[in-house]
Amino acid sequence: MSWATPAVKRAAVAGVATACLLAGQPAGEGATADNPVEEARRATEKASLRGTMQVRWIDSRGVHEERITVEAANGAFAVHGANDVMAAPGSQRLVHHRGKGWDLLWAPRVTAARRPDPSAKYQTAVVAGPVVAGRPTNLIEVRHGRTVYERLYVDAATGVLLRRAQYDETGSQPVRLVTFEELTLEAPVAALRVPRDAVDRAPRPVAAATLSRYDAPAALADGYQRIGVYRRGGMIQVAYSDGIYDLSLFAQPGRLSFADLPSGGTRIKVRGAPGWRYTWPGGHIVVWEGRRGVYAAVSDAPIAQVLKAVESLPAGGSDDPSLMTKLRRVCRALVQPLSA
Amino acid sequence: MSDAGAPTRSPTGGGHLGDLLSALVDGELSPAQERAARSHLESCPGCRRELEEVTSARHLVRSLPDVAVPFGFERRLLRAGRYRRAGLAALAATAAASIALLGVASPREEPVSPQVPRLVDAHVSTASVNGDLVGNLAPAAVPVTFVP
């Protein structure tokens, strides 16, 4: 569905006009509510900048903060923390973990589908925002009904995203914040070197029609549309989006080894089966064992949406192991001590 | 305490006594269950009617006349018992063999522990291609660790 439908534009203009009347201050150039996430990405891809950022998130243990540095030049965008992450021309995405080499996680050969129109689920409004990292911003507020889910602060002059704040289900408490603290735009940044020795771990596209409807349904609850199916090593990754948030569903054959899961998770029920939930700086992870293997959902969406989407998977796919599988496991457990 | 006119909660947790009625008539309930069942009956006309039917059926069956056993019936019955024991032994042997076969011959499922940090990397790289660069990639620079 095209972003720039007349209805979307009318709604955006009406939203801006209403917000301006209420706030008394016009939004700057370059700010629209049509697809704020995509527009911010395009602006960042063209930018030349250097700065420091704060990443703050809340989990069961409290509030966490990390500081990272960011630079962008010649169409590349790099983030430096304990890990190095880079977006390079040609849609390349690379990650470097400390003590290890670079991994190429997305390559030009892979085409990503467009994300769905967020206006089908969210309402957005644009007003003049506060100063962030010394720069005037436009504030794009993303709501679902009456609840504020996100506030995006984009640079009024260039459209670069300067701050992204995600709120809890009540819309009152920020649970995740990514913000520039210092920023120099149009900085004379040396051209970023794209590593040539990265290990190719980019996915291979898979035709969704070759998978069962249980493994890659076309849609999940709450407006998540399938936008891609990929094979990454021994796993299948199904990518979903609702236009604002993304959710990846990973599936691999086998039996979940609970003992080897990272500690620090919260035990939950997922589709009637035991599962684990983790919080990371960018969102949530849910892991569980289903009928056809081990599943994991990774997303930046609020946890309630993630769980709702997972629960909406078609029955018969990622459910409890089948009776035959359970019977085989019991028989193996009985025989194992005798064959050891 | 139940509302006036509404049946008390059945010991089974459901609406009515169901199979417990038969057990009540045969004296197979525990004292606590029997008290709960009788308390339910005091306020549930439906279960009282069903109790009467179960009790009537029981009396009807017990009132049937004895039947003269045909000649050789006892011997035939005992022989059937021996066959049954032999059959049970054969069944047990077959079950054991099936368990052994399923346990040994079934393909082993590999234990899998998802590499959570790698899943996060894969997700953010995918999400950032058509999505937000800053919001997706900045958190990925922070190592994914989980502390109990």
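**Helix packing and chain contacts in the predicted model**

In this predicted model, the axes of helix α5 (residues 116–130) of chain B and helix α6 (residues 133–140) of chain B come within 8 Å and cross at roughly 160 degrees, the axes being lines fitted to C-alpha atoms over the stretch in contact, with angles from 0 to 180 degrees between N-to-C directions. That angle makes α5(B) roughly antiparallel to α6(B), a term used for angles over 145 degrees. Helices are DSSP runs (H or I) of at least four residues and strands are runs (E) of at least two, numbered from the N terminus. Where the two helices meet, B:Val124, B:Ala127 and B:Ser128 of α5(B) are in contact (heavy atoms within 4.5 Å) with B:Leu133, B:Asn136, B:Leu137 and B:Ala140 of α6(B).

Between the chains, 46 residues of chain B are in contact with 75 residues of chain A. The area buried between chain B and chain A, that is, the accessible area (1.4 Å probe) lost by two parts on being put together, summed over both, is about 5,100 Å², of which carbon and sulfur atoms give 69%. Across this interface 2 salt bridges are found, each defined as a side-chain nitrogen of Lys or Arg within 4 Å of a carboxyl oxygen of Asp or Glu; B:Arg118 and A:Asp103 meet in a salt bridge at 3.5 Å, N to O.

Residues are numbered from 1 along each chain as its sequence is written, with chains lettered from A and ligands numbered from 1 in the order in which they are written. Local features need pLDDT of at least 70 and side-chain atom pairs count only at pLDDT 80 or more, whereas totals for chains, interfaces and linings use all residues, and side-chain values use heavy atoms, with hydrogens and water left out.

How values were computed:
Parallel < 35°, antiparallel > 145°, perpendicular 65-115°, else oblique.
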